[in-house]
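Trainee: Please take me through this model by question and answer, starting with its pockets.

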Amino acid sequence: MKQTTHLPERRPVPDGGRMAPAGPRHLRSAPRRRPRSPQWAAWAFLTPVTLYLGLFYAYPLYRNLDLSLRHYTVRSFVQGDAPFAGLDNYRTVFDDPTFGPALTHTVVFTAVCLFFQYAIGLALAVFFNQHFRLSATLRALFLVPWLLPLIVSASTWSWMLNSDSGVVNAVLHAVGIAPVNWLTSPSWSLASVIIANVWIGIPFNLVVLYSGLQSIPASLHEAAALDGAGAWRRFWHVTFPLLRPVSAVTLLLGLVYTLKVFDIIWIMTKGGPADSSTTFATWSYRLGFGNLLPAFGPGAAVGNLLVAAAVVFGLVYLRVQRKQALS
């Protein structure tokens, strides 16, 4: 007997007359699950950062603002029942005879430190960009001032600039120059703390600007050299313009850091003699903690002036960067 094979029955389907095996109709497809929105993950990652910023930045700023708007004494500072004083603390600060010299010293200290830190840091970055032997070793040695604790650096400079036993006056005496009272003369105290702060800030500028130089393609310098541009023209017309975004960040961070410098000045001169090296940072500390009867409100007001100055310069920087991005 012949074995017959039963083929599955086919039936016509609407599309083009092709046959399909007979059988049950297609089951209705189950509704697809909508993917969960990734927004919850974003909030989960943002929550720790938000809590950290609120706890360690926003809340202290709020407390400092509240401190400057109330009349605090030692008792009310502990008990927390200081009366509201409005802007009286700010008026006290503006009417204080120390305000004018402190403002002048803050501006001079910040501007001079920024200029020399950036100029020397840029010169060293260009120098080390030549990739000569021992370049990496020398760059590492230049980082030492940046790695040392500020109290160590300030104490070292205090010893070096000591009028009687300092090594700087010893060198001046050896070359026939009269000794200088670096830390005890009103004419030299501000210059002394500027020298120390410039020395400490140069490594930061060196590292950031050197990284910016590494990102500039060497082909641009080669093309400029083929066009006949010398070393100075290549730097001024190629390197410096391409380094502008990195320079802006370096100067902004240096500005914020220099405005709040306290350790170096306080250890070396304590703002003296006769307030000749007093800045807003040292004045704020002296008002709040340097007297037997601390003036917490005026001290907080001076600190808020520093915060306001840093915020203003930060907003100016963001505006300039936005204009450059749009152009």
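Trainee: How do the residues of the lining of the second largest pocket divide by class?
Mentor: This is a predicted model, in which local features need pLDDT of at least 70 and side-chain atom pairs pLDDT 80 or more, while totals for chains, interfaces and linings use all residues. Residues are numbered from 1 along each chain as its sequence is written, and side-chain values use heavy atoms, with hydrogens and water left out. A pocket is an open set of points on a 1 Å grid over the protein atoms alone, with protein on both sides within 12 Å along at least five of seven lines, and lining residues have an atom within 4 Å of a point. With Ala, Val, Leu, Ile, Met, Phe, Trp, Tyr, Cys and Pro counted as nonpolar, Asp, Glu, Lys and Arg as charged, and the others, Gly among them, as polar, the lining divides into eight nonpolar, four polar and two charged.

Trainee: Which helix gives the largest share of that lining?
Mentor: Helices here are DSSP runs (H or I, at least four residues) numbered from the N terminus. Helix 10 (218-226) and helix 11 each supply at least two residues of the lining of the second largest pocket. The largest share, five residues, comes from helix 11.

Trainee: Which residues are the closest to the centre of the second largest pocket?
Mentor: About 410 Å³ of space lies in this pocket, a volume being the space filled by probe spheres set on grid points joined across faces, edges and corners. Of the 14 residues that line the second largest pocket, the closest to its centre are Val126, Asn129, Gln130, His221 and Thr239.

Trainee: Which helix gives the most to the lining of the largest pocket?
Mentor: The largest pocket has a volume of about 590 Å³. Of its 24 lining residues, Leu61, Asn64, Gly303, Asn304 and Val307 are the closest to the centre. By class, the lining has 17 nonpolar, six polar and one charged residues. At least two residues each come from helix 1 (39-68), helix 12, helix 14 and helix 15 (296-326), and the most, nine residues, from helix 15.

Trainee: Which helices each supply at least two residues of the lining of the largest cavity?
Mentor: One cavity of 30 Å³ or more is found in the whole structure, a cavity being a set of points where a 1.4 Å probe fits but cannot get out. Leu114, Gln117, Tyr118, Phe204, Asn205, Thr250, Leu251 and Gly254 line the largest cavity. By class, these are four nonpolar, four polar and no charged. At least two residues each come from helix 4, helix 9 (189-214) and helix 12 (244-259).

Trainee: Which residues is Thr106 in contact with, leaving aside its neighbours within four places in sequence?
Mentor: Thr106 is found in helix 4. With a relative accessible area of 7%, Thr106 is buried (under 20%; exposed is over 50% and partly exposed in between, with a 1.4 Å probe and protein chains only). Its contacts beyond those neighbours (heavy atoms within 4.5 Å) are Leu259, Thr279 and Phe280.

Trainee: How many residues apart in sequence are the parts that Phe128 and Phe142 tie together?
Mentor: The structure holds 21 aromatic pairs, meaning rings of Phe, Tyr and Trp (its six-membered ring) with centres within 6.5 Å, stacked if the planes are under 30 degrees apart, edge-to-face if over 60 and otherwise tilted. The rings of Phe128 and Phe142 have centres 5.6 Å apart and planes at 75°, so the pair is edge-to-face. Since Phe128 lies in helix 4 and Phe142 in helix 5, the parts tied together are apart in sequence by 14 residues.

Trainee: What is the angle between the ring planes of Trp232 and Phe235?
Mentor: Both residues are in helix 11 (residues 231-242), three residues apart, which means a separation of about one helical turn. Trp232 is exposed at 58% relative accessibility, whereas Phe235 is buried at 17%. The ring centres are 5.8 Å apart, and the pair is tilted because the planes are at 35°.

Trainee: Where is the residue Asp275, with its positive phi, found?
Mentor: Phi of Asp275 is near 60°, although the residue is not glycine. Asp275 counts as partly exposed, at 26% relative accessibility. Asp275 is found in the loop between helix 13 and helix 14.
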